[in-house]
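User: I've got a model open and want to go over the ligand site and a few loop residues. Can you walk me through it?

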Amino acid sequence: HQEVMPLLTPFKMGRFELSHRVVLAPLTRCRSYGNVPQPHAAVYYSQRATRGGLLITEATGVSATAQGYPETPGIWTQEQVEAWKPIVDAVHRKGALFFCQMWHVGRVSTNDFQPDGQAPISSTDKQISPDAEPGMVYSKPRRLQVDEIPGIVDDFRRAARNAIEAGFDGVEIHGANGYLLEQFMKDGANDRDDEYGGSLENRCRFAVEVVDAVVREVGAQRVGIRLSPFLDYMDCVDSDPAALADYMVRQLNKHEGFLYCHMVEPRMAVVDGRRQIPHRLLPFRKAFNGMFIAAGGYDREEGNKVVTDGYTDLVAYGRLFLANPDLPKRFELGAPLNEYDRSTFYTQDPVVGYTDYPFLDEDSSD
Ligand code: 5J8
């Protein structure tokens, strides 16, 4: 008699029945030509779909100003909605749940990605420092005026409506990794002195308005959010990340049934030559009423451990799932993993580094 490993035990997520806890993390893949998701995405996502598994899409733009990387998908036009439908269908045919991650990059962009070559928008007009990403220069952003913010909140609302129309089971608001909502939340990037800057409450106002609008549009039971209070990616640093995380989960709690909070661990510290996950998320998991997804450097062993310990409900895997389409099965069998190839993470090839990572049985089956 073999015991089922904790990561592979079922879990009831609101009205959704999950058969295991291994989640596909949202991963930017840069293969949606002209911001339209492509048929090869149906292959990629359905490769990673399992009965009762949860997949989250790559970050998907909510408007024409939302992009900052080549060939990322959107969900603001009808053409994009139609293009998502067969991808969502392919995932559903495998019995998995599929959430759409909605983002706006804010100042992590250049004029080239913007309509009419305009400046990217942000909380601030401070440019990201050239040291943030070697070899990359982001454009000087334009500080949003207070009266422009409702329009962007409405872009998120409409994107959520579109996602449901495309067939997604729910949406994840991207409030992480230095993008627009975080540019407002974190005091290292927000230098405003109006009602969207200064106090924690003011800095979080924009994100909270987005949450409220999206919940009103599609229902709390279909909405999650991703937060990364401890990261400093793209010059988005906060002087008190624990207070920020605590404040945000308490705002989420105001929506009865708000589905999930997905949080990124701080970068792993190296201890005795080994990378160690800092496991700093427990206080927020405890303060939050909904279910919790932890992400950031997890492997099979660490994932099982945190589920057993009640540290999180689900664990999201990025790089490991990218390189192992059958990751849950490999975890089940304790099978070796394919190594990921970082050089093809963000390239535009429809196959290479995308749908050509082998499945376990590929060598023996034919
Ligand atoms: C680590 C760790 C770790 C990797 N601890 N070292 N749409 C989005 O939200 C996007 C978010 C789009 C693109 C990028 N992005 C975010 O930007 C990511 O979430 C990430 O936080 C950040 C940088 O992403 P990346 O793809 O440019 O690189 P990243 O995965 O962070 O890895 C950069 C380096 O950090 C590598 O050397 C990693 O080591 P490996 O993977 O080669 O072993 C290392 N690294 N995760 C400490 N948790």
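User: Which pocket is the space taken by the ligand?

Analyst: Quick caveats: this is a predicted model, where local features need pLDDT of at least 70, side-chain atom pairs count only at pLDDT 80 or more, and totals for chains, interfaces and linings use all residues. Residues are numbered from 1 along each chain as its sequence is written, and side-chain values use heavy atoms, with hydrogens and water left out. A pocket here is an open set of points on a 1 Å grid over the protein atoms alone, with protein on both sides within 12 Å along at least five of seven lines; a molecule sits in one if more than half of its atoms lie within 2 Å of its grid points. The ligand's space is the largest pocket.

User: How far is an oxygen atom of the ligand from an N or O atom in the side chain of Arg 342?

Analyst: A polar contact is a pair of N or O atoms within 3.5 Å. Asn 177 has a polar side-chain atom 3.0 Å from a ligand oxygen, and for the side chain of Tyr 233 the distance is 3.2 Å. For Arg 342, the value is 2.6 Å.

User: And what share of the area the ligand exposes when taken alone does the protein bury?

Analyst: Areas come from the Shrake-Rupley method with a 1.4 Å probe. Taken alone, the ligand exposes 880 Å². The protein buries 70% of that.

User: Is Met 234 buried or exposed?

Analyst: Met 234 lies in the loop between strand E10 (223-227) and helix H6 (241-253), these being DSSP runs of at least two residues for strands (E) and at least four for helices (H or I), numbered from the N terminus. Its phi is positive, near 55 degrees, while most residues other than glycine have a negative phi. Buried means under 20% relative accessible area, exposed over 50%, and partly exposed in between (1.4 Å probe, protein chains only). Because its relative accessible area is 1%, Met 234 counts as buried.

Methods. Polar contact = N/O pair within 3.5 Å; in protein donor to acceptor, adjacent residues only side chain to side chain. 1 Å grid on protein atoms, 1.4 Å probe; cavity = no way out; pocket = protein on both sides within 12 Å on 5 of 7 lines; lining within 4 Å.
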